[in-house]
Amino acid sequence: MKRILVSWIGRTDLKAMAASAPAQKSKSVRKIVGEGDAQAGIGPAKTLLDHESFDEVHLLSDYSPAASKEFATWLGCKPVLHAVELTNPSHHGEILDTVRPILERLQRKKDDELVFHLSPGTPAMAAIWILLGKSQYPATMYQTYNGAVSKTEIPFDITTDVLPGLLREPDRYWQHLATRTPQEVSGFESIVGESEAIKAAVGRAQRAAIHDVPVLILGESGTGKELFAEAIHKASHRGNQKIVSINCAAISRELLESELFGHVKGAFTGADKDRKGAFEEADGGTLFLDEVGDCDLAMQAKLLRALQPPPGEGPCQSVFRPVGATKDRVVDVRIIAATNKDLSAAITAGEFRDDLMYRLSIVTLKLPPLRQRSKDITQIAKSLLVGINSRLKKQGGTSYQDKSISADTIQFMQRYPWPGNVRELSNALVQASMMADGKALKPQDIAAAVAEFPSAKSDDAMNIPLGGDFVLESHLIDIQRHFLRRAMLEADGKVTKAAKLLGYKNYQTLSAQLERLDVEFEKETESK
Ligand SMILES: Nc1ncnc2c1ncn2[C@@H]1O[C@H](COP(=O)(O)OP(=O)(O)OP(=O)(O)O)[C@@H](O)[C@H]1O
């Protein structure tokens, strides 16, 4: 582990040198600060180096190369000089642009300690050190004053205290980013759609991609949460590293810990060799925790511990212990989590830890359900159909006829509420393409395909175990909703026809129920 000091050469440093070094060895420095100032003592740089030891010292200077060299010689310790030019040493933006590439070029290993010296230079230079040291380049910071050295504790964390506020700023802040379609944003090309809702989601996701902070993606099942997670990873600086996905709901509680953190040989029966977990597999890249809302409380506590970076480290440093191991491991992993659960309700019910939610949701991305972006349905359906045609042709050979979507089918698809979102749309198109005769998919083909999905749900509703959270009334309502939807579907969105199918005497009863039970279905205008 190396200690690497990075500091500006400040005017007080030069004044201290001019006052104490022989005139001959400080000619260029004296051209800048004259005879110097004995009050400056030995100056901030020398003071720090007298008290602390470093393996490398990097000095940034916008003074003449000759003066910088004289100063470096006087200072001793063979510092590396970085000559820069600033037009205005109190211009924050210019300082930031100057400092960043230098920090980027520093050859650092993961456990090296970066140290910023805040005292030399202008207040703007100190401010930039603080901002960078608390965010992109986690660093220890020192100040020197009157010959004394103090380690500077700055009790805030930009990534948890400041960024969330900025990133959660209302739409006003995001509007300028929400103008491009996914096709126009690098990394997001596999996402189809051009509705305002999808453009806003892409703008926000793109913004999130740039910052190396955890992202929580919320949305109903099938809205594209995993697709967005992959796009954020691709658009981030980790894009050429791995993204590892773990579905927290699909893995048994016992196995999940080992899947996430790995295990050592002999940790449990069947653990016949060491095995890396997802955190370690994703080191340097991204870990996608799907269905994170389904983790139990014990697992949440373990996740929280892993997601709390050690003091002074960046937000992506994870410390965890493989099952059965005696030592912790540290990795650099960006977490993207997703859930279709209402986490606020889960927190209120005591099923989800609020501290874990805050850790995961430095940036939150809410994906709209498909029914709220009916403008996208045509485009998504057409794009899915291209893939479906090519797959089915491969399987069925010449007997398969490429399918297309007629205008009335599009109208039908735009009215249907797609409770299973894009996944349901995709499944319906696959099924309809396999079953339909001829070339064009007709509304009945899609209707027949989607009718399969809700009925499966109603079967589940009949088999739900009694006791526990079971409340008969709420299940009856679900069943009622299912039949209302089915009737509307079979009646092509015509309320009068659907009311007849349900055995209602008049359409007003159905209209009132659709509203009361919040059944979303675009009604066809009909002459009654
Ligand atoms: N905007 C979109 N454009 C193209 N394909 C999409 C879009 N949104 C979703 N899909 C496709 O729909 C399917 C479901 O998406 P995905 O798995 O990302 O959803 P999800 O929200 O993660 O679902 P779940 O919560 O059930 O895990 C995938 O095949 C995905 O490629």
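Which residues have the most contacts inside the largest nonpolar core? They are Ala205, Ile217, Ile232, Phe279, Leu287 and Leu365, in a core of 52 residues. Keep in mind that this is a predicted model: local features need pLDDT of at least 70, side-chain atom pairs count only at pLDDT 80 or more, and totals for chains, interfaces and linings use all residues. Residues are numbered from 1 along each chain as its sequence is written.

**Cores**
- A nonpolar core here is a set of buried Ala, Val, Leu, Ile, Met, Phe, Trp, Tyr and Cys residues joined through C-beta atoms within 7 Å.
- Buried means 20 or more other C-beta atoms within 10 Å of a residue's own, exposed means 12 or fewer, and partly exposed is in between, with C-beta atoms placed from the backbone.

**Ligand shell**
- Of the 18 residues around the ligand (C-beta, placed from the backbone, within 6 Å), Val192, Gly224, Lys225, Glu226 and Val422 come nearest.
- Helices H10 (225–235) and H18 (421–435) each supply at least two shell residues.

- Glutamate 291 has phi near 55° and sits in the loop between strand S9 (286–290) and helix H13 (297–306).
- Tryptophan 418 has a positive phi of about 45° and is in the loop between helix H17 (407–415) and H18.
- Glutamate 291 is partly exposed, with 19 other C-beta atoms within 10 Å, while tryptophan 418 counts as buried, with 23.

Terms used: Helices (H or I, at least four residues) and strands (E, at least two) are DSSP runs, numbered from the N terminus.
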